[in-house]
Amino acid sequence: MLSRSGAILIRCGLAVLCAVPLPAALAATPGQTPLDAAAARAWLNRFGYGADRASLAATVGQTPQHLLQRAIHGPVHYPPALAAVLAASPAAQPLSVLWPLYGPGGSEKMNQPARRQPEQSEVVRSQREVDGRELLQAAVADRLLQSANSDNPGHEVLLNFWLNHFSIHGLKTINQFLAADYVRTLQAALREDSFLALLEASFYHPAMQVYLDNIRSTAPDSRMAERAARRGETLGINENLARELLELHTLGVDGGYRQADVQALARIITGAGILNNRLPPARVEAAGAERRGYFFFDPARHDFGAKRLLGVDYPAGRGSEEIRVALRQLAQHPATGRHLAGKLARRFLADEPPPALVAAMAAAFQRSGGRISATLQPLLDSPEFARSLQAPGKFKEPLDYLLSAARAACDGQPMANGRFFWRAAQELGQAPLLRSTPDGYGSQEADWLSSAALAKRVRLAQDLASGRLPLAQMPEGGNRRAAVCVPQAAAVRAAVGPLSATSSAALAGLDGSDEIAALLASPEFMRR
Amino acid sequence: MSVLHFSRRRALLGGLAALTAAAAAPTAWALSQPQRANGRLLVVFLRGGLDGLFAFGPTTDPRFAELRPTLSRPLLEGGLLLARSGFAAHPALAPLAELYASRELSFAPCFGTTDESRSHFQAQDLFELGNGQTRGASGWLARAAQAAGGELRCVGFGSEQPLILQGAAVGRVELMPLAGAARQVRADRALAAIRAMHAEQASGAAIEQALATQSELDRLGGMDPQAARGANGVAGFPKLAARMAQILRSDPRLALAFIDLGGFDTHAGQAASLGRSLPALAEGLLALREGLGDAEWRRTQVLVCSEFGRTVRENGTQGSDHGHGGLALLLGGAPGRLGGGRLLGDFSGLAETALYQRRDLPVRLDWRSVLGRLLQESLGFPSATLTEVLPGMPGLA
């Protein structure tokens, strides 16, 4: 597959020079073939969250390669009404505003009662709790609204993929305040088209340091541990982040690391943590300290001894520099390419992708120095992928289902009701930023096809079809009747696409909201 | 004695024991034990890796305090002694200590799988697959449901289908979400079409199951919209347990049941987080017992365990990291061979040489040998069936 596309690149260089039609056998790697209507719909459900009539029209005739480049590098637009909602969201506040308030040593304390108590609450909430809840809900809602309304849905899908790969839990201590910034930080890294950039963006973000308990991990022979010992306290190592870096973020559980590597990596990343607002400037600027945003490397907690990680020696005394070296080592490890290739292929092709294709993707990852687009190239160029666009068979994850059903129902009407999406995603079990375990949500049919899940989907289809859900409702309220999405049968049919004979027969005679509910709950619409 | 015998053998055979011991296991065991085919097995799976030593700890071992300077305190200061075991229970687990005294609970401090990865997810997969491997087509509880066949029912309490319940024939395993929105699928013309469209597919079977479950739960008083949403946090367990008991009691054919609870991955500040989780766990188990009533409690066995235990040594942040052997609790009103106020498997102390890779509790009681015994006692499975459900089982505990 790769050699074929490679040959074409050599033959004609840049795509623009290839105006002369090539013989069919050479011209058409699937990645360079314009999408027809069926493939465009499938593409929008694969590298997007569903098709509406406008996005279908815009996607037909585009090539997968172009769409992938656009997903990584292209601009993202939201309908003006939604852009205004997002700009006014509490989650849009930069971390430089939030950190002095809610970061460690910040001015907003645990025990200050909220100025305005939430309704229906029996206990008195602190302002900090109220703000935290509001900020996290806004972060989750904004991510869903962006995914639902984007004109560059491939970008949203890739961003959500990496957010899920480097999963954090928004409810872990101060992560409520950090979740939205984590999204923006990974988004910027995605634009660099580099796995290492994503890995660093995640590792050096306070939300990951907090989530996997690295902020207090301290070398037992460090200055800080020695000071603590004089007070009768014991400080030491916490392995959590080191293990998940190896197991989940890079090499994968079968990647060949051992417990000794977990321990070495845990020692390497001692000192990595977050900035305390009350840390004296002298400590912040001390020799060997490193500040990156609100990430802070404190040499007083670091293990300066020599280490050996996955067969590579780390000489003593390097400090924070060795973290960068280690992250690069992990990103370049062959097992990392295999791990990521398999995960991408399972997300974007099938639960059991062809091993040869996964191997080709892993090789592309390695050759390109971990470029995301290069890793996906063999997938887009594979005949398996092209075939899958004509006969989509992968069971939609809840988020795929929710957003594609909403898109079909609203058909271009801006969806601004973050509260609806946030609650629906939670009920379906896949709210972004709220996975409690670090493995992220699964992408397989076995993860999601259950009786309870199907009941929820049927119910959602019935609710959407009723035309009473205020999906377009603005946060400040307004006319509720104007804010509903009333689905149109033609739009829903276009979103669902061709039906099997069984489905067509079952639909015969249905009309109005019954037909729409049945289409949205059809087996065809549950797969992508 | 068989437990001791087995674990010594296992130590001799090393890591491959799981694969090789099945053939050598004395198969007559299964038939020689009293059977109680009219039983029920409920598995309460604590995801995240419960620190068993924090819940039930060997307070008489002098190294306990030394290895766990802060984490040993609750047990050393207010632990409830568990007679004849050298262990004490965390004060928040007082109800469980009482069940131990009344011989309705026993515990295994070194229970576990063959996991060597210390990965939550790999270890959970191993536990749930029950085939001794990290991959497989079905979970052991699904296979048990399949083997039980006939009238018996197997239910998972929750809305996602965990690996342990995957892979059985359609209809053998049911899911009952106990919490979440109380809205129901409407029986309208659309629904009839939806059922017809899905009829030939796995999704169709799932929809039929969902509708059946909906009407059954409806009959029993609907879902509780107040209870925790989605994944079950342990905080909501007491409420869920009462509801589970009501459902289990409503149909004696509900012979296999499963629930998982999250929130046990305690790398930092463990005393506070487990200080909240353990009372909820104990309260829930008690609610289950009360909800079932004496007669049903006598035919029920409950296994409570986690994917692995945690490091014996406290880590640097008043927590513990991923380990190996962990705690299993067995509860029931008519304890069988594994029941009744005692320590199961053996425990050889906290000396470094007694630990797995010098850091974790070893596994002295293979999970399959416990599951096999429980299935044999609850459902009367003969040994051939047990071998199908738990391939590689190294003999019954």
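Predicted model: local features only at pLDDT ≥ 70, side-chain atom pairs only at ≥ 80, totals over all residues.
Me: What is the phi of B:Gln357?

Reply: Most residues other than glycine have a negative phi. B:Gln357 is not a glycine, yet its phi is positive, with a value of about 50°.

Me: Where does B:Arg103 lie?

Reply: B:Arg103 also has a positive phi, about 60°, without being a glycine. Its 13 C-beta neighbours inside 10 Å make B:Arg103 partly exposed. The residue is placed in the loop between helix 7 (94-101) and strand 5 of chain B.

Me: How many residues of strand 10 of chain B are buried?

Reply: Strand 10 of chain B spans residues 326-332 and is mostly covered. Its buried residues number 7 of 7.

Me: Which residue of strand 10 of chain B stands opposite B:Ser106?

Reply: Strand 5 (residues 105-112) of chain B is joined to strand 10 of chain B by 5 bridges, and the two run antiparallel. Opposite B:Ser106, strand 10 of chain B places B:Leu330.

Me: Which residue of strand 10 of chain B is the bridge partner of B:Val302?

Reply: Strand 9 (residues 300-306) of chain B runs antiparallel to strand 10 of chain B, with 4 bridges between them. The partner of B:Val302 in strand 10 of chain B is B:Leu331.

Me: Which residue of strand 9 of chain B is the bridge partner of B:Leu42?

Reply: Strand 1 (residues 40-46) of chain B and strand 9 of chain B run parallel and are joined by 7 bridges. In strand 9 of chain B, B:Leu42 is paired with B:Val302.

Me: Which are the edge strands of the open sheet of chain B?

Reply: The open sheet has 8 strands with mixed pairing, in the order 7-6-8-1-9-10-5-11. An edge strand here pairs on one side only, which identifies strand 7 (173-176) and strand 11 (365-366) of chain B.

Me: At what angle does helix 12 of chain B run to strand 8 of chain B?

Reply: Helix 12 (residues 237-250) of chain B lies across strand 1, strand 6 (153-157), strand 7 and strand 8 (254-261) of chain B. Relative to strand 8 of chain B, the helix runs at about 170°.

Me: Why is helix 22 of chain A roughly parallel to helix 25 of chain A?

Reply: Helix 22 (residues 398-410) and helix 25 (residues 451-465) of chain A have axes 11 Å apart. Angles under 35 degrees count as roughly parallel. Helix 22 of chain A is therefore roughly parallel to helix 25 of chain A, given a packing angle of about 15°.

Me: How many charged residues does the contact of helix 22 of chain A with helix 25 of chain A have?

Reply: Helix 22 of chain A passes helix 25 of chain A in a right-handed crossing. Residues including A:Tyr401 and A:Leu402 in helix 22 of chain A meet residues including A:Arg457 and A:Leu460 in helix 25 of chain A. By class, this contact of helix 22 with helix 25 of chain A has 8 nonpolar residues, no polar ones, and a charged count of 1.

Me: What is the handedness of the crossing of helix 8 of chain A and helix 10 of chain A?

Reply: The axes of helix 8 (residues 127-149) and helix 10 (residues 175-190) of chain A come within 7 Å and cross at roughly 25°. The two helices are therefore roughly parallel to each other. Their crossing is left-handed.

Me: Which residues is A:Pro100 in contact with, leaving aside its neighbours within four places in sequence?

Reply: A:Pro100 lies in helix 7 (residues 95-102) of chain A, and with 14 C-beta neighbours inside 10 Å it counts as partly exposed. Its C-alpha atom is separated by 9.1 Å from that of A:Asn276, 176 residues apart along the chain. The contacts of A:Pro100 are A:Gly106, A:Ser107 and A:Asn277.

Me: Which helix gives the largest share of the side of chain A that touches chain B?

Reply: The contact takes 46 residues from chain A and 50 residues from chain B. Elements giving two or more residues to the chain A side include helix 14 (240-249) and helix 23 (418-428) of chain A. The largest share, 9 residues, comes from helix 25 of chain A.

Technical notes: Residues numbered from 1 in each chain as written. Chains lettered and ligands numbered in written order. Buried ≥ 20, exposed ≤ 12 C-beta atoms within 10 Å, placed from the backbone. Pairing = 2+ DSSP bridges. Axes fitted to C-alpha atoms, helices over the stretch in contact; angles between N-to-C directions. Parallel < 35°, antiparallel > 145°, perpendicular 65-115°, else oblique. Left-handed = near helix turned anticlockwise from the far one by under 90°. Contact = placed C-beta atoms within 7 Å. Nonpolar A, V, L, I, M, F, W, Y, C, P; charged D, E, K, R; others polar.
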